[in-house]
Amino acid sequence: MSLVNVHNEWDPLEEVIVGRAVNARIARPDKGLFAVEYRDYGNVENIPSGAYPQRIIEETEEDLAALIETFQLLGVTVRRPEVWDHAQPFSTPDWTTDGQYNYCPRDLFVAVGQTLIESPMTLRARQQETLSFKNILLDYLRSGSRWVSAPKPRLADGMYNIKGAEGFALNDDEPVFDAANILRAGRDILYLISDSGNRCGAQWLQLFLGPEYRVRAYDNIYGGSHVDTTITLVRPGLVVVNAERVGTRNLPEMFRDWEVIYLADVADIGYTGTAYASKWIGLNFMMVNPETAIVDPRQIPLIRELEKRSVEIIPLQLRHARTLGGGFHCVTLDVRRKGALETYCLPPAAEQLADLTW
C-alpha cells in the first residue's frame with residue numbers, strides 16, 4: 001500500500017515529514033541567489049553568506065520538537081531527513097556552490113495522489129538538498145508510491161534576470177519551480193508564477209500530471225517567492241489570503257465561489273540578523289484536518305477569523321520563522337491524508353484557461 005496518498009491541503013493528516021534546522025546556512029554568493037532572494041542588497045557580494053548562529057539553530061530545533069510531539073499525540077507518523085553538512089561544496093560544469101539547509105521540505109517536494117515529485121529547484125545551492133531525504137524516499141518507493149524527479153535544471157547564468165523590477169527573477173529557458181509555489185485542491189492545482197517558479201515549470205507539471213488535473217497558473221498574485229505566505233487553503237470552500245497582495249481584482253478565479261478571508265495584517269514576530277521571510281510568514285499555518293489548524297499564538301487576528309468558522313487552533317511557535325524563512329506549512333510535507341481525489345473548484349471559464357506556453 002502506497003505510503004504517499006494526499007489530494008489536498010486539509011484532509012485528516014496521517015504522515016508528515018518535518019525538516020531540520022541543524023547546520024542551516026546562507027549559501028555562498030552567486031547570480032541566482034542574488035536574483036531570487038537578495039536583490040535588495042544591491043549586488044552579489046553583499047549577500048550575507050555563512051552559518052546561522054547556533055542559538056537560532058538550537059531554539060528552532062526545540063520548536064520543531066514541540067511540533068513533532070504534537071503530531072505524534074495526534075497519531076500522525078513523523079519522519080525527518082538526515083543531518084547534513086550543508087557547507088560541503090558541489091559543482092556542475094557551469095558553477096560551484098555550497099548548500100543551504102533541509103529545514104523546508106515543502107520547497108523540495110510536492111505529493112499529488114500517490115506520486116511524490118522532486119521539484120527542479122530555483123537555487124543552485126538547493127540542487128542536492130533532497131539527498132538527505134533519500135532513505136525516506138526509498139521507503140515510499142518500496143511501499144508502491146511513485147517517485148519522480150522533474151527535469152534537473154542547468155541553472156546557467158542566463159536563467160536569471162537581475163534587472164530588479166523588470167519582470168520575474170527567472171527566465172523561461174527550462175522548467176524551474178520550488179514545490180512551495182503549489183497548492184493542491186483535489187483535481188485543481190494552484191501554481192504561482194513568481195521569482196521561484198516559471199511558466200515553463202507549470203507547463204511541465206501539467207503535462208506530467210495529465211488531464212485528470214488542472215494546473216491553474218497565475219502570474220498576477222505575488223512575484224516575490226512562494227505562495228504559502230499569500231494564500232492558505234483551510235477546507236473546501238474556505239481560503240485565507242494576504243490582503244496586501246490579493247483583492248477582488250486578482251483573486252484566483254478558482255476560488256470565485258469560495259468564502260475568502262481577506263487578512264489585512266499579521267503580527268511581525270521579528271528576526272535576527274537577516275530576514276529570509278517577510279512578516280507574512282504569520283499566514284503560514286498548517287491544517288491537521290478540516291477543523292484543526294496549527295497557528296502561531298501571536299497571530300490573533302488570524303486566529304479570530306478561523307475560530308469564527310469553527311476551526312480549532314493548536315498554538316505553537318517557530319521563533320525564528322522569519323530568520324530562516326519557514327513557518328509551519330514550510331517546515332512540513334504532508335505525504336498521507338485520509339480522503340479521495342475530488343473536485344472542489346469550478347472549472348475555469350474559456351477566457352480564463354491558463355496559457356502554459358512559453
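Student: Which residues line the second largest cavity?

Tutor: A lining residue is one with an atom within 4 Å of a cavity point. In this predicted model, the second largest cavity is lined by Glu-9, Leu-183, Ile-231, Thr-232, Leu-233, Phe-285, Met-286, Met-287 and His-329. Two elements, strand S13 (231-235) and strand S16 (286-289), each give two or more residues to that lining. S13 supplies the largest share, three residues.

Student: How do the residues of that lining divide into nonpolar, polar and charged?

Tutor: Six are nonpolar, two polar and one charged. The space inside the second largest cavity is about 60 Å³.

Student: How many cavities of 30 Å³ or more does the count come to?

Tutor: Five. The largest cavity holds about 100 Å³ of space, and 13 residues line it. Nearest its centre lie Ile-281, Gly-282, Asn-284, Asp-296 and Phe-328.

Student: Let's switch to a single residue. Is Arg-124 buried or exposed?

Tutor: The cut-off for buried is under 20% relative accessible area. Arg-124 comes in at 5%, so it's buried. As for where it sits, Arg-124 is in the loop between strand S8 (115-118) and helix H4 (134-142).

Student: Which residues is Arg-124 in contact with, leaving aside its neighbours within four places in sequence?

Tutor: Those partners are Asp-30, Lys-31, Phe-90, Trp-95, Thr-97, Leu-155, Ala-156, Asp-157 and Tyr-160.

Key:
Residues are numbered from 1 along each chain as its sequence is written. This is a predicted model: local features need pLDDT of at least 70, side-chain atom pairs count only at pLDDT 80 or more; totals for chains, interfaces and linings use all residues. Side-chain values use heavy atoms; hydrogens and water are left out. Helices (H or I, at least four residues) and strands (E, at least two) are DSSP runs, numbered from the N terminus. Buried means under 20% relative accessible area, exposed over 50%, partly exposed in between (1.4 Å probe, protein chains only). Contact means heavy atoms within 4.5 Å. On a 1 Å grid over the protein atoms alone, a cavity is a set of points where a 1.4 Å probe fits but cannot get out, and a pocket is an open set with protein on both sides within 12 Å along at least five of seven lines; lining residues have an atom within 4 Å of a point. Grid points are joined across faces, edges and corners, and a volume is the space filled by probe spheres set on the points. Ala, Val, Leu, Ile, Met, Phe, Trp, Tyr, Cys and Pro count as nonpolar, Asp, Glu, Lys and Arg as charged, and the others, Gly among them, as polar.
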